[in-house]
Amino acid sequence: MKRYFLSALIALPLLILAFAFAGTIKLTGKVTDEKGRPIRGALVWIKGMNKGTTTDTAGKFSIEAPGLKSVLVVQYIGFEKKEFTVGNKASFVIRLKGTQQALAESVVVAYGTQQRRDMAGSTMRGTSPVQKFSAPRIARDEEAYDKIYQGHENEPKKDWKYNNNFNREGYDNIAENRFLKVTDNPLSTFSIDVDAASYSNIRRMLNYNQLPPPGSVRIEEMINYFTYQYPQPGGNDPFSINTEIAVCPWNKDHQLVSIGLQGKKISTADLPPSNLTFLIDVSGSMETEDKLPLVKSSMKLLIDQLREQDKVSIVVYAGNAGLVLPPTSGAEKMKIKQAIDNLHAGGSTAGGQGIMLAYKTAKSNFIKEGNNRVILCTDGDFNVGISSDDELERLIEEERKTGIFLTVLGYGTGNYQDAKMQKLADKGNGNHAYIDNQNEAKKVLVSEFGGTLFTIAKDVKLQIEFNPAKVQGFRLIGYENRMLAKEDFNNDKKDAGELGSGHTVTALYEVVPVGAKTDVFDNVDELRYQKPVRKDITTTFGGELMNVKLRYKKPGEEVSKLITHPVLDAKSSIVQCSENLRFAAAVAQFGMLLRNSAYKGEGGYKLVEQLAGSSLNNDSEGYRKEFIELVKKAQVLSKKDMAVGH
């Protein structure tokens with residue numbers, strides 16, 4: 001009996017080993033840098049197989065391997081690739097070593113003034129300067145492309161994998177909002193902005209170990225990348241208005257005022273049917289793995305969210321435009337994904353022609369009282385047909401009258417046309433996101449599905465009137481390309497931003513209270529032909545700091561509704577205020593530091609870390625912790641930038 005028992009004990013491990021070779025093994029792990037900090041978006045795959053994944057915000061991954069002899073490969077931009085045999089381990093902690101990769105310089109053009117040592121690649125468009133970002137040359141890994149990203153197996157190897165044409169990214173110059181005197185400018189009027197492309201794009205640059213050009217830093221988009229804990233609306237309006245006042249952390253003599261909107265959350269099951277037309281750029285510039293292959297995997301994430309009543313069409317464009325998938329029910333997921341898998345890149349970029357066909361397709365399948373939307377996926381590098389900004393803007397403006405909204409998803413490095421993407425989204429009653437990895441695609445198209453693709457209020461405008469008895473002056477932080485004339489507020493023909501289901505929008509004002517000593521205002525000489533007229537200040541609303549007015553339209557309607565929200569003068573310290581205001585202040589200060597803003601005050605990277613570090617209670621996805629890591633990286637890069645004389 002003992003002999004049989006002993007034989008069984010010897011045979012059992014052999015059976016387990018044999019099973020391991022025959023069956024699949026679930027592998028889990030965490031990818032970090034040399035200091036143990038998690039790396040988000042690292043590629044993880046099984047060598048020789050079409051199996052791949054990316055790490056999440058905590059650097060963690062999960063993947064199945066066919067056996068103990070499988071080779072696990074891990075790679076991330078700026079770090080050495082690592083591969084090793086799985087063996088009998090099921091859990092791993094993988095530390096990647098940074099490479100000593102030479103960094104290219106950012107190039108900024110400002111009305112003929114050279115702000116960097118090298119002007120190569122800079123351009124001017126009209127009277128508006130265009131800023132360029134030069135990303136470092138990346139040697140694309142053959143196996144990472146061929147094994148994880150499919151669809152090119154029968155094509156010859158091409159030079160695009162190893163070219164260094166990474167210096168054609170375009171960003172518009174941003175003239176920062178300045179401080180205004182309330183006696184001269186009692187009103188501040190602007191359109192809301194739910195775009196978040198700037199933050200994920202900045203993250204991509206910092207992960208390349210390079211500071212972003214100032215034109216890429218849109219502070220309102222950085223703030224609105226994150227969610228805030230505002231209450232759901234309680235009345236008939238589709239959003240709640242929330243305000244808060246605290247001492248300004250970077251200037252103790254000033255106050256910081258936040259205005260937060262919370263869109264009504266609508267469950268996916270209760271959303272109206274969708275008519276979605278994907279417009280996919282399949283030109284030659286989209287071949288690298290951070291472009292078309294990432295577009296395809298992003299689309300598949302979105303397809304998994306669709307219902308039977310939803311319809312999907314796919315239009316592609318390169319040298320010409322074509323319909324590759326007629327309207328198909330969301331229930332036919334395999335058919336839609338097969339059409340996505342069949343997409344290949346090559347040719348020039350006739351973006352205008354593709355846009356016209358996409359809108360034509362969307363109009364022919366229009367769903368009354370449904371969600372009709374064109375989703376453009378591109379690097380924005382249009383080069384044939386209708387390609388100028390003015391022509392494209394006029395085309396989009398005309399098409400938006402049909403009631404079809406536009407979502408612009410940006411991809412890629414080196415020739416990414418951010419300025420053009422912003423204009424298309426703004427003119428098309430839409431939103432703009434930059435997808436730098438699979439996790440960002442999941443955030444935009446899965447976690448924020450309703451907010452990204454379903455509009456609950458359109459043409460949303462804010463007008464703030466400041467009380468001169470309380471306020472000397474003010475500055476709106478960000479929203480420079482969303483400013484409106486005061487007369488535009490009551491003009492229902494004037495286009496403004498859209499708010500999606502569950503979206504939050506936050507705006508910050510830096511306010512100079514009456515009695516504070518300040519030198520932030522620009523002086524103007526006395527007028528020759530007019531004498532200043534003394535204005536009487538009412539005491540009726542003496543306790544109010546300001547009055548917030550908001551106008552919006554319901555989707556499908558053309559007459560706006562007015563909401564008013566007086567704000568009492570009741571400030572707290574930055575320590576005692578909510579995490580909402582504290583974290584938004586941290587992001588705003590970070591943006592001002594990246595811009596090297598004249599208004600950054602006495603703050604610095606240490607202040608940003610302190611503010612953000614004390615605001616982590618509502619960070620289930622880890623985005624705020626990731627923000628702090630980016631702040632640390634930017635601080636190191638800024639010191640290096642100063643050391644070399646920039």
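1. Start with Asp341 and Lys300. In this predicted model, their side chains meet in a salt bridge, with an N to O distance of 2.5 Å. Asp341 lies in helix α6 and Lys300 in helix α5, so the pair ties together parts that are 41 residues apart in sequence.

2. How exposed are these two residues? Asp341 is partly exposed, at a relative accessible area of 34%. Lys300 also counts as partly exposed, at 26% relative accessibility.

3. Now look at the two helices themselves. Two packed helices are described by the angle between their axes and the distance between the axes. Helix α5 covers residues 292-303, and helix α6 covers residues 333-341. Their axes come within 10 Å and cross at roughly 170 degrees. That makes α5 roughly antiparallel to α6, because angles over 145 degrees count as roughly antiparallel.

4. Which residues make the contact between α5 and α6? From α5 come Lys296, Met299, Lys300 and Ile303. From α6 come Lys333, Ile336, Lys337, Ile340 and Asp341. By class, the contact has 4 nonpolar and 5 charged residues, with no polar ones. Lys300 and Asp341, the salt-bridge pair of point 1, are both on the contact list.

5. Next, the wider count. Side chains of opposite charge can pair when their charged atoms come close. How many salt bridges does a search of the whole structure find? The search finds 34.

6. Lys47 lies in the loop between β2 (43-46) and β3 (52-54), while Glu83 is in strand β6 (residues 82-85), so the pair ties together parts that are 36 residues apart in sequence. Lys47 is partly exposed, with a relative accessible area of 37%. Glu83 is partly exposed too, at 36%.

7. Take Glu487 and Lys486 next. Their side chains meet in a salt bridge, at 3.5 Å from N to O. Are these residues buried or exposed? Glu487 is exposed, and Lys486 is exposed as well.

8. Finally, a network. Salt bridges that share partners join four residues into one network: Asp33, Arg37, Glu629 and Lys632.

Methods:
Residues numbered from 1 in each chain as written. Predicted model: local features only at pLDDT ≥ 70, side-chain atom pairs only at ≥ 80, totals over all residues. Heavy atoms only, no water. Axes fitted to C-alpha atoms, helices over the stretch in contact; angles between N-to-C directions. Helix = DSSP H or I, 4+ residues; strand = E, 2+ residues; numbered from the N terminus. Parallel < 35°, antiparallel > 145°, perpendicular 65-115°, else oblique. Contact = heavy atoms within 4.5 Å. Nonpolar A, V, L, I, M, F, W, Y, C, P; charged D, E, K, R; others polar. Buried < 20%, exposed > 50% of the residue type's maximum accessible area, 1.4 Å probe, protein only.
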